[in-house]
Amino acid sequence: MLSSRDIIVVCYVDYGFSENVEKSKAYKLNPKFCSLSFQATKCKLAGLEVLSDDPDLVKVVESLTCGKIFAVEILEKADIPLVVLYDTSGEDDININATCLKAICDKSLEVHLQVDAMYTNVRVTNICSDGTLYCQVPCKGLNKLNDLLHKIEDYFHCKHMTSEYFVSLPFCGKICLFHCKGKWLRVEITNVHSSRALDVQFLDSGTVTSVKVSELREIPPRFLQEMIAIPPQAIKCCLADLPQSIGMWTPDAVLWLRDSVLNCSDCSIKVTKVDETRGIAHIYLFTPKNFPDPHRSINRQITNADLWKHQKDVFLSAVSSGAGSPNSKSANTPILGNTGENLRKSLTDVLKKSVVDHTSSFSVEELPPPLHLSKPGEHMDVYVPVACHPGYFVIQPWQEIHKLEVLMEEMILYYSVSEERHIAVEKDQVYAAKVENKWHRVLLKGILTNGLVSVYELDYGKHELVNIRKVQPLVDMFRKLPFQAVTAQLAGVKCSQWSEEASMVFRNHVEKKPLVALVQTVIENANPWDRKVVVYLVDTSLPDTDIWIHDFMSEYLVELSKVN
């Protein structure tokens, strides 16, 4: 029988776990096996530090992560780096940190809606463009949340707000606080646009919007564990038993629903079905004067109303959202409700201050001043956001990059809280358009019959298709900075038609890289997006030598001709 002196603990440095082994089975590692660095490293999951000793959390993390492959976002490089893990194996990317937090919420504080049950004093907090509603139902969790938020308000009032509560390291899945109309509200960061602007979802109303990082606050440590233990209090619902003939919700129907229930402080619901897979409850919704007559429910009223004629030119007063992970492939467009209306007004006051209605103060003919370009024979530092081939690529002046980033941040913040306007779009006019999660200054190139428009990004040189609802007037404040994208052609090399292989080689050497451009020719045009430059490009990133791209491409063409 082995004694304790014959047993040692070993750590497998390439796998990260430890176990007890017999001392006789351990050997000194031969130096020839030391050339490869140890392959396992410790890390901390961001947002879970306060619960690191919780055995339930350890079990959840182990079940979600062991033996799987993840994408890792490193937030803080240290001996033990701070990270966010993403499971990218499915249709939607899953934030593992946020999933772990949700898994260890206090189950006794969750709202479990029962089929055929009636609930009163319900508050509708948000409505999405597909008719989805978010509701708050009186419960133990909501009472505890309100009590805790009051305590935090008192704490900040007594202790005075100091810089330690500013959010210095925002990341997707982080839960923090946002102050709106005199109240602190819980938000989860869903998308980080930059160091200044990000998207958040209000956990207890379902509303999604963009805010400045400087407007967020950390949850005080003494309240943090209690706060993150309370599950989100916004329940996702849909109106039950609507006729299938209704199909897609129209803007008129959504706006009618918004006007009918968002200003009502005492709604009631009857649950007909709970879809656990989709996380949504099917309900009959009542205003106080119509409860509990099913024939006078909101469901019946909206079905019988003349709201279902699809009109192309009606736009919602909405805020685009992407709930869930930052890389979510699907998203709803919510309309800000009671909380949202206050939020919209609060944010708009902050962002606009003395700014009046810009959309009525400019002519579509007004354009920013032309971008300053170096003269022939002069050098300029550039960045190449798009490269098709040596005969066509796009450059941006490197010294203006920071100004462009600031403008993009301000556009995200401005348009996320601005009312969408019904505008009659025209070809070859300048607008603001939402492409993926960001607002861009664009030139409208074409109008398609399926509700899409073709646009050209005037600061990045890309062509995109977007929904016509995502096209808005470009207000005056965003017409000051010259459009940053200039089309270019590589000087010093001649080829009538570039092969895909040659184009790929060129792209790999210049796209998304800072370079030096030696200007050969500037071709001016009255339209800034039609200006063109012919330039030599130089890669100066190597310490001992500069690579002239035209020389490299010429040599490549010679070698290619020898092969052919």
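Two strands count as paired if DSSP finds at least two bridges between them. Strands (E, at least two residues) and helices (H or I, at least four) are DSSP runs, numbered from the N terminus.

This is a predicted model, where local features need pLDDT of at least 70, side-chain atom pairs count only at pLDDT 80 or more, and totals for chains, interfaces and linings use all residues. Residues are numbered from 1 along each chain as its sequence is written, and side-chain values use heavy atoms, leaving out hydrogens and water.

**Exercise 1.** Find the partner of L177 in strand 10.

*Solution.* Start with strand 9 (residues 175-180), which runs antiparallel to strand 10 (residues 183-192) and is joined to it by 6 bridges. Next, look across from L177: its bridge partner is R186.

**Exercise 2.** Describe the lining of the second largest pocket.

*Solution.* Begin with the term: a pocket is an open set of points on a 1 Å grid over the protein atoms alone, where a 1.4 Å probe fits, with protein on both sides within 12 Å along at least five of seven lines; lining residues have an atom within 4 Å of a point. Of the 33 lining residues, the closest to the centre are G16, T41, K42, C43 and K44. Then turn to the elements: helix 1 gives the most, with 5 residues.

Note on methods: Ala, Val, Leu, Ile, Met, Phe, Trp, Tyr, Cys and Pro count as nonpolar, Asp, Glu, Lys and Arg as charged, and the others, Gly among them, as polar.
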